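Please look over the notes below with the model open beside you. They are written for someone meeting this structure for the first time.

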Amino acid sequence: MNKIPLRRAAWAAVPAALVVAGPAAAQAPPPTVTLRASPSTAGYGKPVRLTGAVTPPAAQPVSITVQPPGGAPRHLVASTTRADGTFRLTAKASLPGDLVAHAGPATSAPVALALRPRLTARWSGTRLPGGRIVLTARLTPAAAGTLNLPGGRDGRFRLRTRAARAGRRCARVKLRANPGYAKLPARRRCIAIAAPALAAGSRGPAVRFLERRLDRLHYLLLDQNGSFGADTRDAVYAFQKVERLARTGVVGPTMWSVLARARTPRASRGGTHIEVHKPRQVLFEVHRGRVKHVVNTSTGLTGNTPVGRWRIYHKDAGSNSLGMLDSLYFTGAYAVHGYHSVPPYQASHGCARIPLWAAHGVYSRWNIGDTVYVL
């Protein structure tokens with residue numbers, strides 16, 4: 001009879017299960033989850049594809065969070081993995097930051113997602129020299145950064161200015177991006193400023209703008225109706241005289257440019273009075289040292305309109321036999337009065353002619369004893 005050694009007999013008596021569970025036995029690996037985002041830089045509001053896998057494979061819930069720069073994590077999207085442990089999700093890009101996948105106790109390594117904001121910019125306003133124009137820009141989302149324009153509330157920026165001259169006016173809109181947002185190339189935006197030729201008979205928005213601009217500068221007009229009539233022509237004559245431009249009565253590029261930067265002319269002195277300027281052939285109605293109205297005038301052909309300080313001594317309403325309308329006599333037979341012909345040069349017998357359409361208004365604003373300076 002064979003004898004089994006004692007050591008071998010002892011091992012033979014140990015159950016197989018106890019041998020497998022011993023300290024040297026291999027342990028199951030912990031679960032893991034991976035995550036990939038495509039694209040890694042997404043346009044704001046555009047879809048982002050999120051893919052990954054859970055190991056060991058199993059169908060289980062998976063969720064994705066995003067941690068924006070300097071903020072707390074936020075839930076982005078959730079779903080369930082397939083039987084093979086893979087998942088494929090789509091989310092809307094609304095926040096930049098680190099994306100993390102969660103599947104049970106497992107979490108993925110963070111995946112950076114940058115956002116490309118939306119930027120729009122356009123010009124609007126009156127596209128004429130002297131017109132108010134506005135460059136409006138919109139940054140979405142507003143948290144994406146700041147622009148090199150005034151404003152910024154709710155991502156809205158506005159640059160308000162005036163068109164200085166005819167031609168193209170351009171500006172560059174630049175973004176200073178906050179962390180997590182992609183840089184954008186500067187946007188160049190231009191606006192075309194027109195300088196249309198206007199003359200008697202012209203109509204439309206450009207004429208209305210011209211009339212409003214002249215009115216703001218205190219050049220006397222009958223109305224602002226968008227029609228280039230006799231009153232508009234006389235106001236243009238007066239402006240051209242004050243600014244020492246060619247006295248054509250026609251608005252062209254040169255006048256548009258001057259009009260854009262012009263100011264109301266100044267009175268020669270303080271007080272309330274009328275000023276007749278012979279060299280420039282214009283009449284100023286002055287109130288408390290400020291010019292209230294500038295009127296086209298024509299003085300004596302031979303230069304005989306008397307220079308000096310005078311007072312209105314007689315008012316003659318209506319028209320007389322000489323065709324003088326609503327006359328304000330200031331010395332002898334010399335008067336400020338309306339007349340059917342008021343050319344842009346000296347042409348009268350010695351009086352200061354003003355247009356018929358302006359005569360009644362001037363007449364009604366001045367009284368006997370008021371001062372008239374002829375300069």
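Which residues does Arg353 touch, not counting residues up to four places away in sequence?

1. Arg353 touches Asn296, Thr297, Ser298, His337, Tyr339, Ser341, Val342, Pro343, Ala347 and Ser348, where contact means heavy atoms within 4.5 Å. The model is a predicted one, in which local features need pLDDT of at least 70 and side-chain atom pairs count only at pLDDT 80 or more, while totals for chains, interfaces and linings use all residues. Residues are numbered from 1 along each chain as its sequence is written, and side-chain values use heavy atoms, with hydrogens and water left out.

2. Arg353 is found in strand β25 (residues 352-355); helices (H or I, at least four residues) and strands (E, at least two) are DSSP runs, numbered from the N terminus. Arg353 is buried yet has no salt bridge, and Asp234, the nearest side chain of opposite charge, is 11 Å away. Here buried means under 20% relative accessible area, exposed over 50%, and partly exposed in between (1.4 Å probe, protein chains only), and a salt bridge is a side-chain nitrogen of Lys or Arg within 4 Å of a carboxyl oxygen of Asp or Glu. The side chain of Arg353 does reach the backbone oxygen of Ser341, at 3.1 Å.

3. A search of the whole structure finds one disulfide, a term for a pair of cysteine sulfur atoms within 2.5 Å. Cys170 and Cys190 form this disulfide, with their sulfur atoms 2.0 Å apart. Because Cys170 lies in strand β15 (residues 167-173) and Cys190 in strand β17 (residues 187-193), the pair ties together parts that are 20 residues apart in sequence. The torsion about their S-S bond is about 110°, so the disulfide is right-handed.

4. In helix α5 (residues 253-261), the buried residues are Met255, Trp256, Val258, Leu259 and Ala260, and what covers them includes α3 (205-216) and α4 (230-242).

5. Gly303 sits in the loop between β20 (290-296) and β21 (308-311) and is partly exposed, with a relative accessible area of 33%. Leaving aside neighbours within four places in sequence, Gly303 is in contact with Lys278 and Gln346.

How values were computed. Lys, Arg positive; Asp, Glu negative; His and termini not counted. Polar contact = N/O pair within 3.5 Å; in protein donor to acceptor, adjacent residues only side chain to side chain.
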